[in-house]
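I opened a new notebook page for this protein. I start with the whole and then turn to a single residue.

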Amino acid sequence: MTTVSHHDTPVLNVALLGGGTVGSQVARILTEDSELLTERIGARLNLAGVFVRNTAAQRDYQLPSELYTTDAEELISRADIVIELMGGIDPARELILAAINRGAAVVTGNKALLATHGTELFTAAADQGVQLSFEASVCGAIPILRPLRDSLSGDRVTRVMGIANGTTNYILDQMDTTGISFGDALAEAQRLGYAEADPTADIAGHDAAAKVAILASLAFQAPFTLDQVDCQGITTITAEDNEAAAAAGFVIKLLAIAERVSTNGDDGVVLRVHPTLLPREHPLAAVRGAYNAVFVEAENAGELMFYGAGAGGEATASAVMGDVVSIAKRLQHGGPGRPHTPKTSLDALEIGHTTTSYMIVVHAADQPGVLATVASLFAEQGVSIETMQQAPAELTPLEAERAAAAGETPQAVLRFITHRGLEQRLADTVAAIEELDVVSAVTSVLRVEGN
């Protein structure tokens, strides 16, 4: 501990790296809740300073000007606890390593950094015997990482499946409930502040992919990285996809999934992010708006769900401060840091090794025998069909008139939902269907979970 106050209350100096949305809320809590935090910890948390790029900028919660600095290394040199909320890879990585190497405990919410350089940072922390905590890196205020690390440490987690990005959940929820297009739903999300001006990280699935790599590392006690996640975003989801999903009793969600699988006698983990059909009665199907939820399956605990605000300054700051208080108590009362170190060597497997089911929507010639021809391909690939439906393609009167005048073959819409099967066989089935002469297009392929 750095200093002692006149009232013999120990003082822990805290360096805050980043004064943005979350950083401002952490500064507010450290300032306004100082007495409460002191009572809980037995030591006072002193905000030593905030590293920012522009000391003159106005922030959501404004501190005295002398607390803002552009010299991160000097600030770190005076800290017992360093909170990194800058985001990005560099210079966050170098600053966290600098803090660790001088013996300071670190709290970070930097999912991208942990999902790419986590092993390096965890190893450095273990070597120095300091704590590196990161609850805020996944799903905002939802306490999910600590339960995976501690509460379920005596169990065997088999699967983690979650809605880990509030932006995409809001967009898909709007498309489902109002029937608007993806573009309109995205524009509304941006207007309300749920989506960034450049929403690529969210809508392309990269944000959720980083989070599932972190979740999997804790759930399965093995080192996983962002580049091992099979990732598909939501930009191709259409109103027609939502109509087909609703007609079959499903809702579309962007799910981040990490699951233990066995292939050729060897255990491994498949990590994936993609739009997914969920039955309306599944607990995750009821997660609305910008909220997040994580569904955990374990051999003994069974099914568990964690739900709450997945983003926002105050919610994420709550997770940050939970880590800060935990670390401060350990520093106050003694005991070494609890580094996160992998204990197994499970491999990350390709998505083709997982088991799932598909909903496949096909536009094909509306004539006798076509449905049987398409359906026969499923049997050839060893894939079982759960349900299938055929209906005439819906055309406006003008479209129908033009098609008839051009002598075009009338079209039918075929919808298949498969039983669960090996992903690779399902993908091969889709490829085979696309090659049929009677098939105009495979217009939608979505995985189905929870059925």
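I looked up the surface first. The protein exposes about 19600 Å², and carbon and sulfur atoms supply 48% of that area. Accessible areas here come from the Shrake-Rupley method with a 1.4 Å probe, and for residues only the protein chains shown count as cover.

I noted the ground rules. This is a predicted model, where local features need pLDDT of at least 70 and side-chain atom pairs count only at pLDDT 80 or more, while totals for chains, interfaces and linings use all residues. Residues are numbered from 1 along each chain as its sequence is written, and side-chain values use heavy atoms, leaving out hydrogens and water.

Next I checked the overall build. I found 15 helices and 19 strands in the protein; these are DSSP runs, numbered from the N terminus (helices: H or I, at least four residues; strands: E, at least two). The C-alpha trace spans about 90 × 50 × 35 Å along its principal axes. Of the 451 residues, 51% are buried (under 20% relative accessible area; exposed is over 50%, partly exposed in between).

Then I picked His274. Where does His274 lie? I found His274 in strand 11, which covers residues 266–279. Is His274 buried or exposed? His274 is buried, because its relative accessible area is 0%.

Last, I listed its partners. Leaving aside neighbours within four places in sequence, His274 is in contact with Gln232, Lys253, Leu254, Leu255, Ile257 and Arg447. Contact means heavy atoms within 4.5 Å.

Definitions and conventions: Buried means under 20% relative accessible area, exposed over 50%, partly exposed in between (1.4 Å probe, protein chains only).
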